[in-house]
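Take a look at the model below.

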Amino acid sequence: MRQRVTIALATVCRPEFIIADEPTTALDVVVQTGVLAMIREVQREIGASIIFVTHDMAVHANLCDRLGIMYAGRLVEEGPTAAVFRTPRHPYTAHLIASLPRLGDTVPKHGLAGAPPNLADPPAGCRFHPRCPRAMDVCRREAPPMTWLGPGHRAACFAAAPGGAS
Ligand code: SF4
């Protein structure tokens with residue numbers, strides 16, 4: 001109920017832009033569905049753009065036109081939601097999507113080795129390289145630039161870039 005009240009307060013002045021930071025955290029699935037339906041309804045009614053900040057990939061998949069994936073404080077992939085889910089170009093995105101439970105899936109899920117870096121002293125080069133199964137020498141030296149890889153779809157990964165090892 002508090003989440004609903006917060007959403008109502010955030011929209012009462014009919015803003016053009018809303019940032020919803022973890023709007024469904026700690027809700028059970030039924031309440032979560034209700035809150036997401038309410039946000040969708042409000043969005044339709046007032047025509048606002050909404051940025052959802054969430055760890056819940058199901059929220060991305062069901063609500064968002066575009067999806068941005070962050071790792072260690074940096075945007076590593078961004079694009080149309082369907083394209084990112086269909087063809088993730090960054091290894092971290094690919095891991096997140098592969099780890100989602102699916103009905104009838106009997107394949108065991110494996111966690112990513114290692115832990116997120118200390119942001120006060122992040123690794124040189126690509127911040128994901130200590131955990132990346134595709135890391136190359138260049139990844140340890142240089143930060144990969146964001147590169148366009150398809151219509152509206154970009155990622156920061158040497159292996160995904162044209163001419164890379166993907
Ligand atoms: S740049 Fe290298 S380390 Fe970083 S995600 Fe791509 S392949 Fe992995």
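Two notes on reading the model. Residue numbers start from 1 along each chain, as its sequence is written. The model is predicted, so local features need pLDDT of at least 70 and side-chain atom pairs count only at pLDDT 80 or more, while totals for chains, interfaces and linings use all residues.

Now the whole chain. The protein chain has 6 helices and 6 strands. Both are DSSP runs numbered from the N terminus: helices are H or I with at least four residues, strands are E with at least two. Along the sequence they follow the pattern α-β-α-β-α-β-β-α-α-α-β-β. The C-alpha trace spans about 50 × 40 × 35 Å along its principal axes. Of the 166 residues, 22% count as buried. A residue is buried if 20 or more other C-beta atoms lie within 10 Å of its own, exposed if 12 or fewer, and partly exposed in between, with C-beta atoms placed from the backbone.

The chain divides into two parts: domain 1 (1–64) and domain 2 (69–99 + 122–160). These bounds come from an automatic or database domain assignment. The C-alpha centres of domain 1 and domain 2 lie 27 Å apart. Where they meet, 4 residues of domain 1 are in contact with 4 residues of domain 2. On the domain 1 side, the touching residues divide into 3 nonpolar, 1 polar and no charged. Contact means that the C-beta atoms of two residues, placed from the backbone, lie within 7 Å. Among contacts in the protein chain between residues at least 6 apart in sequence, 45% join residues at least 24 apart.

Most residues other than glycine have a negative phi. Arg-14 has a positive phi of about 50°. Its place is in the loop between helix 1 (2–11) and strand 1 (17–21). Arg-14 is exposed, because 10 other C-beta atoms lie within 10 Å. Glu-22 also has a positive phi, near 50°. Glu-22 lies in the loop between strand 1 and helix 2 (29–46). With 13 other C-beta atoms within 10 Å, Glu-22 is partly exposed.

An open sheet is formed by 4 strands in the order 3-4-6-5, with antiparallel pairing. Two strands pair if DSSP finds at least two bridges between them. Strand 3 and strand 5 are the edge strands, and each pairs on one side only. Neighbouring strands are turned by 25° against each other on average, direction ignored. Axes here are lines fitted to C-alpha atoms, for helices over the stretch in contact, and angles run from 0 to 180 degrees between N-to-C directions. Helix 5 packs on the sheet, touching strand 3 and strand 4. The direction of helix 5 makes about 110° with that of strand 3.

Trp-148 stands opposite Arg-154. Gly-150 stands opposite His-153. This hairpin has 2 residues between the strands, and Gly-152 takes a positive phi near 65°.

Which residues of helix 5 (residues 91–98) are buried? They are Pro-91, Tyr-92 and Thr-93. The buried residues of helix 5 pack against strand 3 (66–71), strand 4 (74–80) and helix 4 (81–86).

Finish at Ile-69, which lies in strand 3. Is Ile-69 buried or exposed? Ile-69 is buried, because 23 other C-beta atoms lie within 10 Å. Leaving out residues up to four places away in sequence, Ile-69 touches Val-76, Glu-77, His-90, Tyr-92, Thr-93 and Leu-96. Ile-19 is 50 residues from Ile-69 along the chain, and their C-alpha atoms are separated by 16 Å.

Technical notes: Ala, Val, Leu, Ile, Met, Phe, Trp, Tyr, Cys and Pro count as nonpolar, Asp, Glu, Lys and Arg as charged, and the others, Gly among them, as polar.
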